Amino acid sequence: MPPPWGAASSGGAEVDQAHGLIDDVQVFDTALTAEHAAALAGVPVDSTRPLLAVDATRPGPVVSPELGGIFFEDINHSGEGGLYAELVNNRSFMAAATPLHWFTVGRATFAVDTGQPLNQALTQSLRVTATAAGDGVANEGFWGIPVRPSTTYRASLHVKSPAITGKLTVSIVGTDGTVHATATTEALTSSWRKHELTLRTGPGAPTTLNARLVITAPGPGTLWLSQVSLFPPTYKGRRNGLRVDLMEKLAALQPRFLRFPGGNYLEGNVIADRFDWKKTIGPVEQRPGHRNSAWGYWSTDGLGLPEYLQMTEDLGCTPLLCVYAGYSLQGAHVTGDALKPFVQDALDQIEYITGPATSTWGARRAADGHPAPYPLTHVEIGNEDWFDKSGSYEERYAAFHDAIKARYPALKLIATTPVASRPYDLIDEHSYQSPSAFQAGSHKYDGRDRRSPKVFVGEWAAQEGRPTPNLDAALGDASWVAGLIRNSDQVLMESYAPLFSHVNDNTWATNLIAYSGLTSYNSPSYYAQQMLRTRRGTVVLPTAVRALPGLNVVTTHDPANHRIYLAVVNTGGTARKTAVSLQGVARTAPTGTVTVLAAADKKATNTLADPEAVVPHTRSVSGITPAFTATFAPYSVTVLEVRTA
């Protein structure tokens with residue numbers, strides 16, 4: 001959608017006045033009117049006239065440097081089939097007693113076999129009996145194996161066969177039978193052996209999801225398969241790595257931290273289904289995986305603790321670790337002596353992350369490929385423990401608090417619900433509301449008792465739009481973030497949730513980014529948050545809004561770079577023209593930069609088919625002085641950057 005400021009985007013698109021986003025009023029009126037002059041001088045003026053007054057003489061709180069993180073949870077196939085780049089679904093055959101997502105090829109037969117384990121972790125393999133050359137098995141991937149031209153894939157598989165001594169053929173094959181890429185293993189042996197192959201598509205290959213990974217035998221006989229893997233190119237070329245386009249989208253948000261490994265995913269429905277971090281480290285073929293009972297599918301734990309930590313390093317942010325604290329979603333909880341092993345697990349996990357390579361768990365991290373410690377500063381004890389109706393969190397938090405503080409006194413601890421017996425550095429508050437509630441809730445923290453504990457808003461989102469928020473939700477989200485920035489002396493950290501949704505598994509309706517196996521797109525809310533994160537200063541400036549219903553505003557100042565950022569959310573369907581007064585600013589550069597996210601219809605949204613229906617547009621504006629007039633388009637998020645003298 002063209003920018004409502006009346007100029008083309010940087011891409012050169014022309015203004016579309018037919019959509020009613022602009023009219024014949026000027027964006028900036030440079031004449032210093034009597035009203036403006038009076039406002040600058042502090043003289044009372046007509047209280048019925050719209051005015052947006054920024055007071056640069058009384059700087060407010062410093063914007064928290066940790067405000068604006070990301071929260072990852074394997075929900076909606078966010079990890080398996082999503083961010084984690086593995087393309088084979090049920091690669092270890094551990095998901096069930098039947099070979100889910102696998103099919104026979106030719107006249108082959110197959111079955112999951114518990115009698116031929118690869119190792120103590122992967123206790124189920126796939127027994128395949130071929131009756132002729134070309135018989136075998138195929139994997140459907142996560143709603144198809146993505147194919148692109150001139151692309152190199154890394155494949156690996158563990159195989160044994162006492163009867164077949166030839167080589168297996170491994171191919172990416174279209175559902176129409178077209179072979180897009182193929183390679184062969186080494187000769188099979190009677191004991192387990194890992195085979196690694198490279199498959200490359202040609203320049204004429206299609207871009208499609210209509211493909212499968214096919215493994216065929218050279219002749220009749222029985223063989224066993226385990227840990228069958230196929231990876232496309234990954235972000236920064238990491239082995240066992242992450243999907244390029246999704247990581248690029250996260251990097252563009254410039255996150256300050258990554259909260260992981262999830263909320264409900266951390267706890268599981270039952271204790272056995274929790275995120276058991278010690279089973280997620282080491283070689284992937286030695287990770288048993290676990291049932292993601294909170295969200296209804298199997299996790300291979302290929303995306304484990306080492307991968308989360310590498311992700312923080314690749315994104316240039318710090319880890320925010322959530323530790324399992326003895327409570328699972330169906331109500332099971334652990335107290336007393338039975339809690340001690342879980343407390344020790346948390347201590348060991350912190351040592352894995354922060355300990356020197358000479359320590360027990362630091363050495364395990366080094367063996368996993370990262371000798372240097374990671375810069376952990378925050379640990380969250382549990383998740384949403386207000387759901388624990390037993391009241392055991394008081395005891396559970398105290399046990400974790402005492403053990404962690406005794407060994408790691410500098411770590412900041414986050415409680416998930418208030419406790420009385422021990423202090424906490426932040427309280428994690430979650431908020432999922434309607435767009436209108438968030439638009440109205442921009443001022444929730446304005447009146448907060450400043451003596452209260454500091455806040456981490458660890459999960460929040462306006463709930464409208466599926467699988468991603470529409471513009472109405474983005475206006476709510478932007479209003480909410482404006483309020484958090486304005487109160488960042490109290491709200492030190494925040495992260496939207498959920499982060500991702502596969503379009504074929506949209507269990508949780510509203511998510512920031514959506515994708516298929518081939519492509520992905522950002523929601524309007526993504527862009528609104530990106531604007532407010534990447535275009536803001538370091539100090540909040542008091543801002544008065546008069547006679548401007550539907551506007552939520554936050555102004556920040558970057559003194560070091562002489563910038564003022566005025567962020568305005570117009571939640572209404574009417575353009576708002578107002579005088580803008582920069583009180584205490586003697587001079588400004590005559591030109592500035594304005595970025596606008598807007599559409600004519602607040603229900604407008606982005607999709608796989610139309611990923612740029614609602615995107616921000618940036619342009620230069622001229623005629624800026626310490627007093628000017630601006631028009632804020634209907635249903636818009638605007639950030640104006642003013643250079644001060």
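Me: Helices (H or I, at least four residues) and strands (E, at least two) are DSSP runs, numbered from the N terminus. Which helix gives the most to the lining of the largest pocket?

Reply: This is a predicted model, with local features needing pLDDT of at least 70, side-chain atom pairs pLDDT 80 or more, and totals for chains, interfaces and linings using all residues. Residues are numbered from 1 along each chain as its sequence is written, and side-chain values use heavy atoms, without hydrogens or water. A pocket is an open set of 1 Å grid points where a 1.4 Å probe fits, with protein on both sides within 12 Å along at least five of seven lines; lining residues have an atom within 4 Å of a point. β7 (152-160), β10 (193-200), β12 (221-231), α4 (305-315) and α6 (360-367) each supply at least two lining residues, but the top contributor, with six, is α4.

Me: Which residues lie nearest the centre of the second largest pocket?

Reply: The lining of this second largest pocket holds 19 residues. Nearest its centre are Pro 146, Arg 148, Pro 232, Arg 243 and Gly 517.

Me: How many residues of α5 are buried?

Reply: Buried means under 20% relative accessible area (1.4 Å probe, protein chains only). Phe 342, Leu 347 and Tyr 352 are among the buried residues of α5. So are the charged-named Asp 345, Asp 348 and Glu 351. α5 is mostly covered, and of its 15 residues the buried number 11.

Me: Which elements do the buried residues of α5 pack against?

Reply: Contact means heavy atoms within 4.5 Å. The partners include helices and strands. They are α4, β16 (318-323), α6, β17 (378-381) and α7 (393-407).

Notes:
Buried < 20%, exposed > 50% of the residue type's maximum accessible area, 1.4 Å probe, protein only.
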